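Let's learn to read a structure together, one feature at a time. Take a look first, and then we will talk it through.

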Amino acid sequence: MLDEIGAGSADSTARLGWTGLVRFLHLAPRAFLPMRAMEQLVLVAGQGIEGDRYMIGREEGFYSHKPEEGRQVTLFELETLVALKRDAGIELSPEEHRRNVTVEGVPLNHLVGRRFWLGETLLEATRLSIPCRHIEEITGKAIFDPLINRSGLNCRILQGGIVRVGDTVRNMA
Amino acid sequence: MSARPITTIKTVVAGIEEAGAGIKVFTLADPDRWDLPPFKPGAHIDLHLPNGLVRTYSLCNEPADNSRYVIAVKREADGRGGSRALHDEVGIGDVIGVSLPRGGLEPGADIAHHVFVAGGIGVTPFLSMARHLLQIGNTGFVLHLIVREEVPLAAHLAPLIDEGRVVVHRTSCAGRPNLASLVGEVGGQTMVACCGPEGMTDEFERLTAAWPAANVHIERFVAPPPVIDPDAKPFTLLLARTGTEIPVRAGQTMLAALQEGGIDISTSCCGGICGACRVGWIEGKPVHRDRVLSPYERERFLMICVAGSDADRLVLDL
């Protein structure tokens with residue numbers, strides 16, 4: 001039925017349209033370490049983010065023992081941070097959610113399986129991120145439940161480049 | 001790729017300082033001098049030593065100084081081996097895995113006065129707390145340091161002693177001070193804290209039994225026995241494919257018990273939603289606490305990370 005009405009097709013997503021912004025960029029070189037805010041990140045196609053713990057070949061992240069080719073860069077919605085404060089009274093800052101890119105105005109949950117531009121880089125969304133107890137251990141905040149189904153997006157990098165704070169995020173036309 | 005999950009923070013020994021009285025001060029830092037995970041004043045960390053021992057030490061530095069973890073270790077010749085390993089075997093540049101910091105003091109906004117009581121090397125968490133309080137401009141504290149003769153970490157404490165913020169009580173010349181008089185009377189805006197040998201912390205606990213719990217803080221050299229949910233019961237896992245029996249302690253997760261038994265289980269969220277650790281069960285009464293399995297699936301599977309058992313024995317398809 002969903003096929004028949006064309007729900008979620010590349011055509012319909014492009015037609016409905018959205019444009020977002022890169023608001024924050026973060027990375028950490030090893031598991032457990034605080035994420036550091038960056039003005040720009042260097043994305044390497046098929047590999048990951050230079051200096052980040054999950055860069056393929058580096059493998060120093062908490063989940064590196066579970067290698068995942070589609071986890072080269074992770075994104076998170078700024079709107080989720082607002083919702084956490086509004087609905088659960090939890091202040092979570094952009095460096096605490098431990099994803100690399102915080103975007104605004106980008107419907108991440110709609111993008112699984114799709115390609116989109118993050119600044120000059122081209123990404124393909126592979127799957128939704130899942131919240132984990134590890135993040136509660138690090139932040140000391142009870143965010144596991146409120147983040148179910150809104151914990152961000154895992155992507156592979158199809159075309160690398162430099163992503164800067166303020167860059168536009170847009171659907172692949 | 002590492003075969004096993006990374007469970008500790010990787011640090012390198014960036015400094016070792018002789019601090020007198022058989023004490024060495026170790027500075028641990030990230031290999032690239034990245035900031036380390038934050039901590040509260042007086043928090044402690046586990047060190048996973050190269051010889052396999054895991055030992056807990058209080059941090060001496062203050063939270064604002066979060067590019068390093070500083071610990072002071074007294075060599076205990078007849079101890080359990082942790083301090084000997086650190087003193088005798090660990091050198092500059094060695095890699096040591098540490099846990100996330102735990103515990104410590106959260107100076108409350110309505111706490112106007114802190115009274116710290118330390119015995120010997122038990123001064124370490126209060127060095128962190130004192131440094132933190134001074135850093136935020138709170139001078140309303142006193143640290144009573146009870147020693148036999150020699151002051152541990154004398155060079156580190158000297159500025160605080162000179163300012164009269166540390167009062168040294170030498171038992172070799174004046175006998176043991178009256179702990180009750182050091183602690184003083186219950187005061188709503190006063191927090192009292194103690195760290196030292198078991199006898200001292202026990203006495204301190206008795207003296208402060210009537211104080212509000214939020215105004216009392218005790219750091220022990222030896223951890224008290226864990227508090228276990230009175231309703232939690234131990235049970236045994238039988239792994240059908242190998243015949244191995246794995247005991248699960250009251251309050252322990254199956255996942256932790258299996259990992260202790262050297263059984264590798266693929267996990268991810270550890271909260272019962274991702275499905276990574278799904279395992280078949282054959283016999284028993286599993287208690288399902290996940291949010292991923294359907295009622296039908298629960299007749300055959302359970303999630304190792306959150307499930308329990310309502311019977312003494314649970315047989316798993318492992």
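Predicted model: local features only at pLDDT ≥ 70, side-chain atom pairs only at ≥ 80, totals over all residues.

Q: What radius of gyration does chain A have, and what would a compact globule have?
A: Here we compare the chain with a rule for globules. For 173 residues, a compact globule would have a radius of gyration near 16 Å, and chain A agrees because its value is 16 Å. Along the principal axes, its C-alpha atoms fill a box of roughly 45 × 35 × 30 Å.

Q: How many residues of chain A are in contact with chain B?
A: The size of an interface is often given as the accessible area lost when the parts come together. Here we can count residues instead: 21 residues of chain A are in contact with 21 residues of chain B. On the chain A side, 13 are nonpolar, 2 polar and 6 charged.

Q: Which domains is chain B divided into?
A: Chain B is split into domain 1 (9–98), domain 2 (113–220) and domain 3 (235–316). The centres of domain 1 and domain 2 of chain B, taken over C-alpha atoms, are 22 Å apart. Between these two domains, 15 residues of domain 1 are in contact with 16 residues of domain 2. The domain 1 side of that contact has 9 nonpolar, 4 polar and 2 charged residues.

Q: Which residues touch the most other members of the largest nonpolar core?
A: That core has 81 residues, and B:I71, B:A118, B:F126 and B:L143 touch the most other members. Domain 1 (9–98) and domain 2 (113–220) of chain B both give residues to this core, so it lies between them. Another core, of 23 residues, lies apart from it and includes B:F235 and B:L314.

Q: Is B:L239 buried or partly exposed?
A: B:L239 has 17 other C-beta atoms within 10 Å, so it is partly exposed; being buried would take 20 or more. B:L239 belongs to strand β12 (residues 235–239) of chain B. Beyond its neighbours within four places in sequence, B:L239 is in contact with B:T244, B:I246, B:L316 and B:L318. The C-alpha atoms of B:L239 and B:D317 are 6.3 Å apart, although 78 residues separate them along the chain.

Conventions: Residues numbered from 1 in each chain as written. Chains lettered and ligands numbered in written order. Contact = placed C-beta atoms within 7 Å. Nonpolar A, V, L, I, M, F, W, Y, C, P; charged D, E, K, R; others polar. Rg over C-alpha atoms; globule rule 2.2 N^0.38 Å. Core = buried A, V, L, I, M, F, W, Y, C linked by C-beta atoms within 7 Å. Buried ≥ 20, exposed ≤ 12 C-beta atoms within 10 Å, placed from the backbone. Domains from an automatic or database assignment. Helix = DSSP H or I, 4+ residues; strand = E, 2+ residues; numbered from the N terminus.
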